[in-house]
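Open the model in your viewer and keep the selection tool ready.

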Amino acid sequence: MTGEPGIGKTALAVRLTGVAEALGVPARWGRGSEREGAPAFWPWIQIVREQLLHPDPADRKRLERAAAPLYRMMPQLKRPDQRLRTAPAPTGGSADDSGEARFRLFDAVSSFVRVAAGERGLVVVLDDAHWADAPSLLLLRHLVRELGRDPVLFVVSFREAEMSPDAPVAAALAELASGPEARWIRLQGLDRAELAQYLTAVAGPTGAALAARIHGATGGNPFFAAELVRMLRSEGRLANGAALADQPLGLPRGVREVLQRRLDRLSVASRRSLELASLVGTSFAAEFVAQASGAEPERILGLMDEAVGAQLLDQLADRPGWFRFPHALVRETLLEGIGAVDRLRQHRRIAQTLEREWEQTSLEGADTPSRLASHWQQAGDGPRAIRYARMAAGEANKQLGYEEAARLYRLVLGQAAPGGLDAAGRCEVLLELATAEYRCGNVRQAMEAFVQAADLARRCGQPSLLAGAPLIVQDIGDPEVNANVLRACEEVLASDDGLDDGVQARLLAQRAVALCESGRLEEALPDSQRAMQLAERSGDSELLAAVLPARHLALAGPEWTLERLGLAEQALGLARSTAAPIQELWARAWRTDAFWELGDIASVDAELDRLASLAHSLRNPLARWLLRRLQAARALMAGQYEQAAARSEEATAAVPRESFIARILHLSFMACVNADRGEWMDSQRWVVEARPSTITWSLLSWSLVSAGRRDEALAYYDQARASIRRVPRDSRWMPTMVFLTEVSSQFDDHETAEICYRELLPFEDRFATSGGGTVACLGSVALFLGMAAMTLGRFDDGEVHLRLAIQRNTAVGARPWAARAELAMAELLCRQGRARGQALDLAQRAAHTAGALGMKVLRARAQAVIDDIAAAKGLVLLSRREREVAALVARGLSNREIARTLFLSERTAENHVQHILTKLGFGSRAQIAAWAVAEGLSTPKRN
């Protein structure tokens, strides 16, 4: 639900939960907090805490078991007698590990909510979601997906107009509201008749004219209207509604002015106390306000009672001595009235009081450092703001609230100058910020922070400060950011001032990654090798695991398949020795890639089974994404297009929708699916728009040619062929070359075909796929060599390559690629004008496979070959069985031998021979034999 303040979002949710509870369905509430000190996942902490306080007696034990992991991951849920101390954020650990930890938290909350819902159901209200932290909304998105079949209703209210469109919270809410399981309710103001009815209910009959005037002043907003009526009543003007109809109301349209008038009627002391309370938060304890103001608690309680009487405060019935502002506008109006100097003074008092309370009482929460950081920042005390912000960021990291941690680290950096944070301290905070941003999935922001840290470490002559850098990041994506990362690494490495092996290994590995992304593989190879040597010499298994991916990326070209298989074995050993399942996941994905290149599909299937088991035990989005991607490629190889598309969709759905890599890989994969089916989707052009390069130009030209759209393909093909000599030999090289090979054969481009043939020839025994993360396996490389040889007129070479391609693709069940090879072989024989019988068999087999799989364009091409052969008199008069009999006659077999070979009766074999003689107009078996040899159905009989 969305709408302006006071429109009735919370009131509607209250009414809804009342109906639910009357039906026996409990409701649990969590509210976003506009207070910056709120901890990560604050709304969910409230929801879980409320459920634990009011469980269903029948499910109490199950609920306690489900809550057990949450006590570890959400410290605020601990019992009041368990004192909680903040600690620095843990150092080290990979970003994959942190992602796994966050998923375990999400999964634990999902299990808890499922148990809480039971069979009777549960309503979960997330109020004021525009103030919720980003991790809370990511958790909500997870729950909506995971609990789709459970009896849980999520009610989310927020102010759409108060969020920046590019804010993470806005993006998350928009995605949730646009999903198929969501109903979007935009609350509007009451119309005149509705407002008149409402005013009658809250204030008695007001008359149509007055109701119309109030509607004009408030836009039908029920809160604004009620406030206006309260003011009119307090001034004694409501009694004479008729007179009011002819008098100016004396009020501006804004409700803040209405609230301001009510505040003006308070005593000075009461208003001052409320202003201090408004800086504390939405709700507060009177005792805390008394301590912060230096007044007696009884005095403050009396002042609060005055505000309650003026309907500017609500007393919390379940928490004696606690109060809450009834609406955010009341608090906002108070905040606007506080002067700058007074605001600084009041924040200092609040911070000092909170600090004393935190040190003296055992009832503090993990959010206290964050609140202290916020208040000290607004009090102008930089050093204290920095101290508490870093403590709070550490807590946020431990609770997997990486977005909150990143916000706090940015707060620290903003206070660096007034807080006296030296260069070493800023470098540490920048690295901590880089880690938090990377764990949020913000690769660009992470690498920008890393670059700043590296520059700072170099300028202050302390490169050892980078020892804490946990980042060796692939898929940076942005060329400008990648260039900055490369420059930062190079400058620090060039200084070579006291770099220990760990720092040097990490910097070399990160530079190798940046060089790979820049296409500078020749420079990346020695960097990645040196990083491996330093890591191995250090004996630090965590460091070795961190640099292995950089080496794997540098060796992604087809020459290094066996070396990458060795790296996968090494990574698998490290994963087993350190019990690191995410590392095992990547190691097995690397093994799968290598086995695909080698054509060892049995090993591919074995690794997929292991990955499926691992993904099931991890229940991790990354694991599901990797598994479904590889399963999609396996289905595509077998021609199971519906299953392939479904698996790729499932892979994409497993990770955040904003994931650039997931989206581009999915669209690239679907381009391969559609190419096989002879179809085209215009959305595929986004691949080129996102990453214009030789690989994407060649992919789209191949896809368009495969869909029969040659004219559209030509523009992309021309761009790709112009840069063919500059394609780096990385994971993109092999797909680029095979795409261009097939398209060059369609355009009869000898120059490109010659380049492709020469480059691909050393890899005839391989299968065409990428070495750094398989998107699709395009069958035997021999097929593309055969195509290139045909284009170049080297028919003998082409026949050798194509026969090998038919044999290899058929052996591994790559039906689409076997059909392509059979059709290419049939076309080659037809172009030579020989062996028409064999060409017909090949074309018919290709047509049958294409028809069965739904390869429309390939089937049409095969039928065209069949039709061309049919135009030649004689051959097509014979059935397939008769052609088989003719071939055996040419080998000198008798009718009895033919019958035994084909499992026929001798009489049936004799009839076939007679039909052949009749159809071809021959008079002897010798004529049949000579004809069969000429048509390529058989080789001459040997003595």
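Select M670. M670 is buried, with a relative accessible area of 7%. Buried means under 20% relative accessible area, exposed means over 50%, and partly exposed lies in between (1.4 Å probe, protein chains only). M670 sits in helix α31, residues 660–677. Helices here are DSSP runs of H or I with at least four residues, numbered from the N terminus.

This is a predicted model: local features need pLDDT of at least 70, side-chain atom pairs count only at pLDDT 80 or more, and totals for chains, interfaces and linings use all residues. Residues are numbered from 1 along each chain as its sequence is written, and side-chain values use heavy atoms, with hydrogens and water left out.

Which residues does M670 touch, not counting those up to four places away in sequence? Show A645, R677, M681 and Q684. Contact means heavy atoms within 4.5 Å.

Next, select N397 in helix α18, residues 382–398. N397 is buried too, with a relative accessible area of 9%. Its side chain makes a polar contact with the side chain of Y409, at 3.1 Å. A polar contact is a pair of N or O atoms within 3.5 Å; within protein, one must be able to donate a hydrogen and the other to accept it, and residues adjacent in sequence count only if both atoms are side-chain atoms.

Follow that contact to helix α19, residues 402–414. Y409 is one of the buried residues of α19, which also include Y402, L408 and V412.

Move on to helix α37, residues 781–791. How many of its residues are buried? The count is 11 of 11. They pack against α35 (733–746), α36 (750–760), α38 (795–811) and α39 (815–832).

Check both ends of α37. At the start, a side-chain oxygen of S780 reaches to within 3.1 Å of the backbone nitrogen of A782. Just after the helix, G793 takes a positive phi of about 80°.

Finally, show α35 and α37 together. Their axes come within 9 Å and cross at roughly 35°. Axes are lines fitted to C-alpha atoms, for helices over the stretch in contact, and angles run from 0 to 180 degrees between N-to-C directions. On the α35 side, colour M734, V738, T741, E742, S744 and S745. On the α37 side, colour V781, F784, M787, A788 and T791.

Conventions:
Helices (H or I, at least four residues) and strands (E, at least two) are DSSP runs, numbered from the N terminus. The expected span of a helix is 1.5 Å times one less than its number of residues.
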